[in-house]
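Subject: Structure handover and what turned up in it

Hello,

Here is the structure I promised to pass on. Have a look at it first, and then read on for my notes.

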4 protein chains.
Amino acid sequence: MNRFGERFSITTFGESHGKAIGCVLDGVPAGLVIDEAYIQSELDRRKPGQNEFATARKEEDKVEILSGTFEGLSTGTPITLVIYNTDQKSGDYSNVKDIFRPGHADFTYFHKYGLRDYRGGGRSSARETAARVAGGAIAKLMLAQLGISVQSGISAIHGIEAQALDFNYPKNSLIYALDKNVEEAQKAAILDAKNGHDSVGGVATIKISNLPIGLGQGLYYKLDAVLAEAMMGINAVKAVEIGEGIHSSALLASQNNDPITPKGFKTNHAGGILGGMSNGDDIVLRIHFKPTPSIFIDQESVNTDNESVHVSLKGRHDPCVAVRGSIVCESMAALVIADMVLLNMGSTMNGIKNYYT
Amino acid sequence: MNRFGERFSITTFGESHGKAIGCVLDGVPAGLVIDEAYIQSELDRRKPGQNEFATARKEEDKVEILSGTFEGLSTGTPITLVIYNTDQKSGDYSNVKDIFRPGHADFTYFHKYGLRDYRGGGRSSARETAARVAGGAIAKLMLAQLGISVQSGISAIHGIEAQALDFNYPKNSLIYALDKNVEEAQKAAILDAKNGHDSVGGVATIKISNLPIGLGQGLYYKLDAVLAEAMMGINAVKAVEIGEGIHSSALLASQNNDPITPKGFKTNHAGGILGGMSNGDDIVLRIHFKPTPSIFIDQESVNTDNESVHVSLKGRHDPCVAVRGSIVCESMAALVIADMVLLNMGSTMNGIKNYYT
Amino acid sequence: MNRFGERFSITTFGESHGKAIGCVLDGVPAGLVIDEAYIQSELDRRKPGQNEFATARKEEDKVEILSGTFEGLSTGTPITLVIYNTDQKSGDYSNVKDIFRPGHADFTYFHKYGLRDYRGGGRSSARETAARVAGGAIAKLMLAQLGISVQSGISAIHGIEAQALDFNYPKNSLIYALDKNVEEAQKAAILDAKNGHDSVGGVATIKISNLPIGLGQGLYYKLDAVLAEAMMGINAVKAVEIGEGIHSSALLASQNNDPITPKGFKTNHAGGILGGMSNGDDIVLRIHFKPTPSIFIDQESVNTDNESVHVSLKGRHDPCVAVRGSIVCESMAALVIADMVLLNMGSTMNGIKNYYT
Amino acid sequence: MNRFGERFSITTFGESHGKAIGCVLDGVPAGLVIDEAYIQSELDRRKPGQNEFATARKEEDKVEILSGTFEGLSTGTPITLVIYNTDQKSGDYSNVKDIFRPGHADFTYFHKYGLRDYRGGGRSSARETAARVAGGAIAKLMLAQLGISVQSGISAIHGIEAQALDFNYPKNSLIYALDKNVEEAQKAAILDAKNGHDSVGGVATIKISNLPIGLGQGLYYKLDAVLAEAMMGINAVKAVEIGEGIHSSALLASQNNDPITPKGFKTNHAGGILGGMSNGDDIVLRIHFKPTPSIFIDQESVNTDNESVHVSLKGRHDPCVAVRGSIVCESMAALVIADMVLLNMGSTMNGIKNYYT
């Protein structure tokens, strides 16, 4: 199952070292200006090989539109975006052909499918997330027409936490930091890990603003539930928090409830969601990424014959997958909201009558 | 959208103060012994009104099977479970008819739908979760046939954390505590909140054992993603962690990767999931519940005319929703695993050929 | 899989001789007046035991609403409709416990599931279609608000074809005939079959009027495709035609194309659908029902041990399942259109902007 | 919605005169030999420009695999097939830019989406069906492993009916005729229509053999219902018959029921399906295609300003769309069966236990 979303859906395809990766977007409304330069600019934010904080793999990540547009506009038909792989060094992986890299999907894919494309993790590679970013860019184009914005940044690295979140700052930061004051310490943590042939975890924070009230569907396609699914499904994510998140379990209701006033909510412990629906306030998510499992330190593992081996990885890897991962979170959030915007239409008889008459 | 699951699916219905709540299970394999007493016993674990740590609302929560079984066995057709509401005191809610209770879904439902069943929260009431528990019981019956177990308990209340987890202990504890040594402190925290007309948050931990390797589908129906969706969709949940969870973002890979040996994984930071699939180890989830929003302390809010009001709730509420919520988490986890068990069949050509020949 | 529809969906449950049959409707917009008397009146049209042209089984088919409404209006939550079985004579079926009735689902259910509820066909009984009619009634209530009507009637029995279709006439006819001039001949054909301990086939025609242009989604949820699925899925249906139907394969395009004028289409060979979407003209469907397989004539069959047996059915059966089946076709058509109405919202960026601003 | 199938699913994309058409197959089991030459050979059967009975448009229809295979085997990940468009003569369509061709989707697409890619019908072009054939080829590869075959041919053209069906003959016939004895008359009917600047309708017949008993899911994903959806969704199809089809409505049950013997069914009026499930006998479908709406005769229509116009089409079109359409029917049938094969796994508790132990 490689599709996500009900009405505004994305289906991705492709492997790290195959011919191409890409996606098909189904449900994009007709008449949306498909700004190709914008899509490319979003991909460029996630693109590897740009500095010392990311893998040295240099992918151009040039997006090509194969279908679904006409004279610059979406037509209501499926939009296919393709990114051809260019800098595959499959040779790097011949030494892990028969062994399972700790912390990776090698072990589970092999046991589920009986075979696997071992080159760069194949389908389970984070490279696939470029397709999510390409698709998310189109979602963001649609949301922008409604005034909805989705922003992201890095709030923590190796436990070094941002004290204040400035969502305008990440574009100025090589590690997409949200807090200029801890940025250097966070960078140092990444480089320390890298220099130790290790890697380090981090936290992305997402902010979604200017939502209509009431996005989220019934009790099993709740906005928070689907956002959690979207985030937890991103490579290396191990925890998702909404609003007060993990702290809420240590609070009293008198501390955690958000008083309501005629001008809106006084506080936002809820993180913009009540009863599984947007309440009009900013949605705030914290997404925890584990450290990139690919490290150059000797590790214990087994091979496909279940014999004990030692793994000494080579190749090119991100010392902190959270950094570029934050862009993926932003893209997935945009895809969720676009879907919820479409699903919400038709919630009331009055809305339907207005639409058709 | 009130359905959950692809192949083993549950659709729930019903409101807190309507005639009944219930669910339809679709995709239950034929030939499963449907042990009605077991389903009832699961409901009894979630049942309100049993002690001072839960709401005083006394619901019998007697389950009735309307369809899908014949001579005690599932037939492969939809199984409908109904629980009639008996102890509705709708009068308790007349005072909140036109106002929005802070921390509740009142505000969002009203704005989305233009009207709402205000009695006890209507559809958004945690009462609906009884239907999840009934459905989850059937999932657990199926999983038991494969040797898979799903267990739950309370690991933290108001920040008071279990130091060791004993999944055999909760059945002896009125608050389903996992650690006998902190149980009394956790109980005290709940009663303190209750006595202060307040409520308190907590954390449930779920353990799923004896899974086959490879459950989880593709990149958008990953096991971790769907578990996160399932948990975050439960009333009052604000964060979900898998394995090392939030701590993983503060670790180095050399600390977080699980070495593999011919006898299995040496550690379980992954929480039993790699690349979105079960790796054969125990799956461990931590689910953070906010404090029950219904409290008897004066709160600021607005009414349906957006005028400032003060809310003084009455009624019967859980002082800590996490306690009974842990049973719901367990049930949802069972539903997810049952679905994944079915979806996983047909992953390989060899498996298909063996099945049909 | 016992659910139908994407956004306005119905899930049915129940067996012929179980406690109850019913359905859960998910996606019904809030604020629709749920006219219980109307739903009952629709069920009464399908109800058995009313005259010599239908089975003598006397089911009251009294509908009860279990959830989803408040003060007479839909609330946007799942609407559950239940019909309790009252006139089950399970004893009638003990003689077919171990044998497969020709033309019935007995053989396939037994081989698929390894067991079956043999009483009255269990789940595969046409009794389940009462749940479709109940759900279809709510779809019709919604469509009526948009001016859309769905009508049905019998066009042919045993090859005796209506020469003109009058959709106002069926309510006056015990066999829901569309053409008064052939009604008596059609009735005679049914009674002849009945008197010969046999049964006979027939054709229902459906007309859907006043549709907006453009209902139907993409290339795989086309309006014609989904209508075909809906109709072919009804018990005993063996062919579905749209517009010119089977005749279209014998025509030239110059005969079959519908010229377009500023006032609309000159002819309607297309049956109201072009490119899988409604074109604004009436949708016309012809649905062919085979004769009820239950007959009182001796038939060859096998038992569950695959031994040769002779079947002599007893029980109460419709001599022409098409008659009451026409109501089911109408209901399924209404469910399809209601779904398409919701799905169509959000097809254009302009439509979305208007909805949200 | 451009996806078809639940577990073995196809999502197609692309327009007649865009860069490419193609599909993503999701759910293909791992370990299937992906025979690229076979896929190409299937496309070649549908390919235009091969003789006087098809459009002169010469598309190479060369398939390229973008993802999902490794060393010649499927890996369990999405398989993407792309066919680049090469012989687009968009200029041919400039004269229909602002007018609606009778019998085509122009009218409905324009009204639904507010704009359309008018070149060659854009997305609604039958060219998209090449993607279905490519996907269907992979489904056929999988089915072949289970011994299941899907065959097709032309049974009728312009009312000239085959008297006997020989499924080995179509490969020898330029019009894929099933009956050598009427082949020449059928060919003449096509050429007559073509010479008259007209086109003609026809009927394809599909035969699916060697199915396991019990394929088909519940009451709303019945095998017959989904086959009907698959067939009716193909361009130009206006009627679908299963087994006795339209004749069943004129028969008595004593004529239509299939007696069962220890060696199987004596007759096959049912067309291989009982109660929505395969009964082990051959599935036989008749699919009625209307004449290609594109003809070179003057026709009445309107333009996008709803003004009366006369249409004189140019371009290259099939004089009988049923001929190449039969290959598409075969492909869609294969996709349906592959899906049902996967869905059927897990129908019984015994089957599940055997699979996992």
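This is a predicted model: local features need pLDDT of at least 70, side-chain atom pairs count only at pLDDT 80 or more; totals for chains, interfaces and linings use all residues.

A:Asn257 sits in the loop of chain A that runs between helix H6 (253–256) and strand S12 (260–261). Its relative accessibility is 7%, so A:Asn257 counts as buried. Apart from residues up to four places away in sequence, A:Asn257 touches A:Thr267 and A:His269 in chain A, and B:Pro102, B:Gly103, B:Pro293, B:Ile295 and B:Gln299 in chain B.

Next, the chain C and chain D interface. About 7900 Å² is buried between these two chains, and carbon and sulfur atoms give 61% of that area. Chain C brings 100 residues to the contact and chain D brings 99 residues. Two salt bridges are found across the interface of chain C and chain D. In a salt bridge between C:Glu300 and D:Lys266, the side chains meet at 2.5 Å, N to O. On the side of chain C that touches chain D there are 46 nonpolar, 37 polar and 17 charged residues. Polar contacts link 59 residue pairs across the interface of chain C and chain D, counting pairs with both residues at pLDDT 80 or more.

Helix H2 of chain D (residues 106–113) is worth a look while you are there. Six of its eight residues are buried, so H2(D) is largely enclosed by the rest of the structure. Those buried residues are D:Asp106, D:Phe107, D:Thr108, D:Tyr109, D:Lys112 and D:Tyr113. What covers them includes several elements of chain C: strand S12 (260–261), strand S13 (264–265), strand S14 (273–274), strand S15 (277–278) and helix H7 (321–344). Just after H2(D) comes D:Gly114, with a positive phi of about 80 degrees.

Now for the interface of chain C and chain A. Chain C and chain A bury about 2400 Å² between them, with 63% of it on carbon and sulfur atoms. Each of the two chains gives 26 residues to the contact. Which three residues supply more than any other three of the area that chain C buries against chain A? They are C:Met345, C:Met349 and C:Tyr356, which supply 30% of that area. The interface of chain C and chain A has zero salt bridges, while 14 residue pairs across it are in polar contact, both residues being at pLDDT 80 or more. Helix H3 (129–145), H7 and helix H8 (349–356) of chain C each supply at least two residues of the side that touches chain A. The largest share, six residues, comes from H8(C). By class, the side of chain C that touches chain A divides into 16 nonpolar, eight polar and two charged residues.

On to the interior. In soluble globular proteins, nonpolar side chains tend to be buried together. The largest nonpolar core here has 374 residues, and A:Met231, B:Met231, C:Met231 and D:Met231 touch the most other members. Taking the chain B copy, and leaving aside neighbours within four places in sequence, B:Met231 is in contact with B:Val237, B:Val240, B:Leu285, B:Ile287, B:Cys329, B:Met332 and B:Ala333.

A few backbone details may also interest you. Most residues other than glycine have a negative phi. A:Asp61, however, has a positive phi near 50 degrees. A:Asp61 lies in the loop between helix H1 (36–46) and strand S4 (63–67) of chain A, and is buried, with a relative accessible area of 0%. C:Glu71 is not a glycine either, and has a positive phi of about 50 degrees. C:Glu71 is found in the loop between strand S5 (69–70) and strand S6 (73–74) of chain C, and at 63% relative accessibility C:Glu71 counts as exposed.

At 38% relative accessibility, A:Gly147 counts as partly exposed. Although A:Gly147 and A:Ser209 are 62 residues apart in sequence, their C-alpha atoms are 8.5 Å apart in space. Leaving aside neighbours within four places in sequence, A:Gly147 is in contact with A:Ser209 and A:Asn210.

Best wishes

Conventions: Residues are numbered from 1 along each chain as its sequence is written. Chains are lettered from A and ligands numbered from 1 in the order in which they are written. Side-chain values use heavy atoms; hydrogens and water are left out. A nonpolar core is a set of buried Ala, Val, Leu, Ile, Met, Phe, Trp, Tyr and Cys residues joined through side-chain atoms within 4.5 Å. Buried means under 20% relative accessible area, exposed over 50%, partly exposed in between (1.4 Å probe, protein chains only). Contact means heavy atoms within 4.5 Å. Helices (H or I, at least four residues) and strands (E, at least two) are DSSP runs, numbered from the N terminus. Buried area is the accessible area (1.4 Å probe) that two parts lose on being put together, summed over both. A salt bridge is a side-chain nitrogen of Lys or Arg within 4 Å of a carboxyl oxygen of Asp or Glu. A polar contact is a pair of N or O atoms within 3.5 Å; within protein, one must be able to donate a hydrogen and the other to accept it, and residues adjacent in sequence count only if both atoms are side-chain atoms. Ala, Val, Leu, Ile, Met, Phe, Trp, Tyr, Cys and Pro count as nonpolar, Asp, Glu, Lys and Arg as charged, and the others, Gly among them, as polar.
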